[in-house]
Amino acid sequence: MCGIIGYLGHQLAKDILLDGLKKLEYRGYDSAGLCILNDGQFFIDKKVGPVVQLEQSVANQEIISTTGIAHTRWATHGAPSENNAHPHFDCHGQIAVVHNGIIENYQALKEVLISEGHQFQSETDSEVLAHLIEKFYTDNLETAVTKALALVEGSYGLVVLSIKENKLVAVRQSSPLIIGVGVGETFVASDIPAILNYTKQVIYLNDNDLAIIDSQGYHLQNLAGQVVDRQVEEVKLNVEQIEKKGFKHFMLKEIFEQPQTISNVLAGRVKDGQIKLSIDLDLSRLKRIIIAACGTSWHSALIGKYLLENIARIPVEVDYASEFRYRQPLVSDTDLFVAISQSGETADTLAALREAKRQGAQTIAIVNVVGSTVTREVDSGIYLHAGPEIGVASTKAFTAQVTALILLALYLRQLVGQPLDDGLLADLNQLPEIVATTLSLNNQLADLAAQFYHTDHFLYLGRGLNFPVALEGALKLKEISYIHAEGYPAAEIKHGPIALVDENMPVVFLATKNDLSDKIISNIQEIKARGGRIIAVVDQDYDHIAELADHLIRVPVVNVLLSPIVNAIPLQLLAYHIADYKGLDVDKPRNLAKSVTVE
Ligand code: F6R
């Protein structure tokens with residue numbers, strides 16, 4: 001959510017900032033701006049729209065400076081506009097600020113600052129930071145930033161540049177920031193891809209860490225002015241992983257990566273009929289599991305409930321992370337709290353995790369991004385190793401999360417001495433190949449998309465484990481194609497939503513064979529009788545509904561507990577191709593951002 005990059009070194013800041021912004025665009029793309037300290041003056045440019053607009057605008061500008069900051073925005077306070085784009089400045093244009101997060105008390109601060117004569121140019125909460133720093137600035141930027149932040153409530157990943165000092169000051173509070181350490185150059189960014197072309201040596205800042213970056217390198221302290229020591233870590237990502245490699249969109253590339261990413265989740269974790277997870281917790285008193293997550297990760301959590309209750313026979317509750325702490329949950333030390341997050345930075349998921357820890361639960365996280373905040377706060381973790389997910393719509397992270405949940409369920413079953421189902425383990429080992437076979441449906445789904453991309457509404461229906469898959473299919477479609485779509489448990493449709501069905505309504509049924517197949521057939525009949533157009537995802541060898549469905553999508557036969565993973569693939573492809581037919585920017589859907597670091 002919003003991308004930040006700052007640079008101080010010996011290369012042209014303009015090039016590094018623009019390159020970094022392009023890598024960060026998936027975090028927000030309403031507007032972009034930069035400020036470069038050029039020959040004792042600020043060179044400033046801001047543009048509404050994607051980074052390419054900014055790039056074109058500065059292309060012919062000669063800016064030889066090697067110090068600057070830049071930002072790509074996902075609007076929270078104030079519509080996308082040049083005035084609201086970052087950087088923001090103090091009254092005299094001497095202090096530039098780029099900010100991720102939310103300043104919760106900005107109204108009160110703004111009123112005081114206005115009464116003191118400060119003049120604001122934007123509607124953003126972020127601009128108060130520039131004026132507050134101005135208020136306290138005499139001759140030392142870090143002192144002014146520290147004094148200003150003492151008055152601020154909220155979250156910030158913040159980088160500040162002053163015209164008077166060739167230095168950057170960066171501070172983190174609940175919004176990720178990293179320092180990239182190069183030779184004779186230092187970077188600061190909200191996310192690793194921004195700096196990966198230049199260095200793999202990074203420092204993950206903790207909350208309250210303040211970094212001073214100047215020509216000597218970097219110095220770390222906390223907001224109380226005490227020196228802090230943070231390790232420089234080597235990032236394992238490489239630049240190739242954040243490129244499209246011939247695919248039209250990152251989303252399509254990531255859909256096609258799933259055989260590999262599922263294989264990465266499984267690697268070394270299923271051995272000799274046993275599940276190996278490095279979970280260093282005492283689970284002997286475990287009575288209940290609580291899972292909290294948002295969006296697609298919440299759909300994984302719902303599938304996780306089915307898996308954990310079915311395989312490990314432990315009661316599971318699933319919460320939207322954004323609701324969890326506000327419903328005054330009752331948590332105890334016999335609970336295991338599981339946070340699921342691709343990014344490991346989602347503000348609500350982090351807050352839920354902290355609440356569960358505060359009440360004494362043991363905690364596990366299922367996370368993709370190595371080194372993210374969730375991974376540093378949790379007791380134990382299961383990394384997905386799915387590689388960077390750049391497409392804003394989550395695909396490979398989802399199937400990796402469900403795979404990790406199967407492993408967790410099997411692990412907990414094993415822990416209480418129950419035997420594991422050899423057939424399930426065998427299918428699990430085959431899963432990467434099964435998913436590869438499923439991907440060969442791509443052309444069929446593209447053809448289907450060609451027939452349906454003009455549609456205004458879609459329904460997705462499933463039962464049991466595949467009800468959350470219906471939710472996920474609907475979410476994928478609406479977020480990238482802007483078609484209204486809803487997911488329901490198939491039987492629930494009779495209790496209201498069936499009123500929506502007419503001959504224009506496509507209804508996607510997840511109808512792979514299971515204990516509820518007969519009931520699903522009845523549900524299909526109900527829709528068919530109302531003229532709905534049935535698209536059925538079925539097993540390859542399942543002919544019962546051939547005559548009922550208008551379109552059959554035949555997926556490989558697999559253990560029912562693994563069917564959510566296989567069934568998700570055609571739904572991802574359908575959403576992708578519909579959005580592509582509509583000519584939409586699949587990787588950067590309107591109003592969205594990849595990682596939601598504000599509440
Ligand atoms: C949808 C999507 C979002 C995320 C949600 C949680 O395609 O990507 O719904 O799943 O914002 O993000 P993480 O998993 O990073 O916590």
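The residues that line the largest cavity divide into four nonpolar, eight polar and two charged. In this classification Ala, Val, Leu, Ile, Met, Phe, Trp, Tyr, Cys and Pro count as nonpolar, Asp, Glu, Lys and Arg as charged, and the others, Gly among them, as polar. The model is a predicted one, in which local features need pLDDT of at least 70 and side-chain atom pairs count only at pLDDT 80 or more, while totals for chains, interfaces and linings use all residues. Residues are numbered from 1 along each chain as its sequence is written, and side-chain values use heavy atoms, with hydrogens and water left out.

Rolling a probe the size of a water molecule over the atoms shows where empty space is left. On a 1 Å grid over the protein atoms alone, a cavity is a set of points where a 1.4 Å probe fits but cannot get out. A pocket is an open set with protein on both sides within 12 Å along at least five of seven lines, and lining residues have an atom within 4 Å of a point. Grid points are joined across faces, edges and corners, and a volume is the space filled by probe spheres set on the points.

How many cavities of 30 Å³ or more are there by this rule? The count is two. The largest cavity has a volume of about 90 Å³. Of the 14 residues in its lining, Cys2, Trp74, Thr76, His86 and Gly101 are the closest to its centre. The second largest cavity has a volume of about 30 Å³. Its lining consists of Arg463, Asn466, Leu510, Thr512, Asn514, Leu516 and Ile520, which divide into three nonpolar, three polar and one charged.

His86 leads us to the backbone. The peptide bond from histidine 86 to proline 87 is cis, with omega near 0°. Proline 87 sits in the loop between β4 (67-73) and β5 (88-89); helices (H or I, at least four residues) and strands (E, at least two) are DSSP runs, numbered from the N terminus.

The largest pocket has a volume of about 870 Å³. It is lined by 44 residues, of which Leu237, Asn368, Val369, Val370 and Pro388 are the closest to its centre. Which helix gives the largest share of this lining? That helix is α7, with three residues. By class, the lining of the largest pocket holds 16 nonpolar, 14 polar and 14 charged residues. Domain 1 (3-240) and domain 2 (244-420) each contribute at least three residues to the lining of the largest pocket, where domain bounds come from an automatic or database domain assignment.

The second largest pocket contains about 570 Å³ of space. Of its 29 lining residues, Gly295, Thr296, Ala593, Lys594 and Val596 are the closest to its centre. At least two lining residues come from each of α8 (295-312), β19 (335-341), α10 (347-358) and α15 (467-481). Domain 2 (244-420) and domain 3 (439-588) each supply at least three residues of this lining.

Finally, two further backbone details. Lysine 245, although not a glycine, has a positive phi of about 50° and lies in the loop between β14 and α6 (250-256). Histidine 385 has a positive phi near 55° and is found in the loop between β21 (380-383) and α12 (396-415). Why does histidine 385 count as partly exposed? Its relative accessibility is 39%, and buried means under 20% relative accessible area, exposed over 50%, partly exposed in between (1.4 Å probe, protein chains only).
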